Amino acid sequence: MTARPLEARVASLHCMVRPMVSGDVPAVMELERLGHSHPWSEAVFEDCFKANYRCRVLEIEGAIQGYTVVSYLADEAHLMNICVHPGQRGQGVGAFLLNAVVREARREACTQMILEVRASNEAAARLYLRSGFDEIGRRKGYYPGVSGREDALVMALRFT
């Protein structure tokens with residue numbers, strides 16, 4: 001993946017993607033509440049500090065502005081959660097963070113990265129498509145919604 005102009009701008013903002021530590025969870029929880037209609041609990045985040053997970057935060061000028069949680073199983077990386085501060089959306093921050101975890105999965109000899117995204121989350125789906133992901137399926141009623149359940153698009157980025 002080549003850097004796009006927005007990503008180049010993000011890279012110039014003193015950005016750093018680093019491993020998430022337990023002390024980051026309060027800031028991550030705040031982003032989670034701002035970014036998701038049905039946020040994960042603190043216990044779910046704490047449960048992700050295991051060997052087969054890679055939890056990352058994106059800092060911009062020292063403040064956490066995004067995070068990811070990726071599960072690793074055999075040769076597959078599963079992007080479980082990604083979130084960027086609403087004030088940073090549309091500025092390349094999400095693409096910058098996504099590219100960082102994709103590069104990490106490639107370095108760890110994964111053959112693909114998969115994810116689920118709400119069918120209604122068109123902005124995220126466009127980001128994934130621009131980043132090389134393909135829609136490979138749909139999970140009916142996967143996500144809780146305001147009135148009932150919502151489908152998830154299943155997407156994959158194959159590395160081999």
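User: Before we start, what should I know about the model and its numbering?

Analyst: Residues are numbered from 1 along each chain as its sequence is written, and side-chain values use heavy atoms, with hydrogens and water left out. Because the model is predicted, local features need pLDDT of at least 70 and side-chain atom pairs count only at pLDDT 80 or more, while totals for chains, interfaces and linings use all residues.

User: Which residues of helix α2 are buried?

Analyst: Buried means under 20% relative accessible area, with a 1.4 Å probe and protein chains only. Helices are DSSP runs of H or I with at least four residues, strands are runs of E with at least two, and both are numbered from the N terminus. In α2 (residues 25-35), the buried ones are V25, V28, M29, L31 and E32.

User: Is R18 buried or exposed?

Analyst: R18, in strand β1 (residues 15-19), counts as buried at 18% relative accessibility. Its side chain makes a polar contact of 2.7 Å with that of D24. For such a contact, a pair of N or O atoms lies within 3.5 Å; within protein, one must be able to donate a hydrogen and the other to accept it, and residues adjacent in sequence count only if both atoms are side-chain atoms.

User: How do β2, β3 and β4 pair?

Analyst: Two strands pair if DSSP finds at least two bridges between them. Eight bridges join the antiparallel β2 and β3, with V57 partnered by Y67 in β3. β3 and β4 are also antiparallel, over eight bridges, and S71 stands opposite H78 in β4.

User: Which residues touch the most other members of the largest nonpolar core?

Analyst: In soluble globular proteins, nonpolar side chains tend to be buried together. A nonpolar core is a set of buried Ala, Val, Leu, Ile, Met, Phe, Trp, Tyr and Cys residues joined through side-chain atoms within 4.5 Å. Of the 30 residues in the largest one, L79, L98, M113, Y128 and F133 touch the most other members. Helix α4 gives the most to this core, with eight residues. A second, separate core of 13 residues includes F45, C48, Y67 and V69.

Technical notes. Buried < 20%, exposed > 50% of the residue type's maximum accessible area, 1.4 Å probe, protein only.
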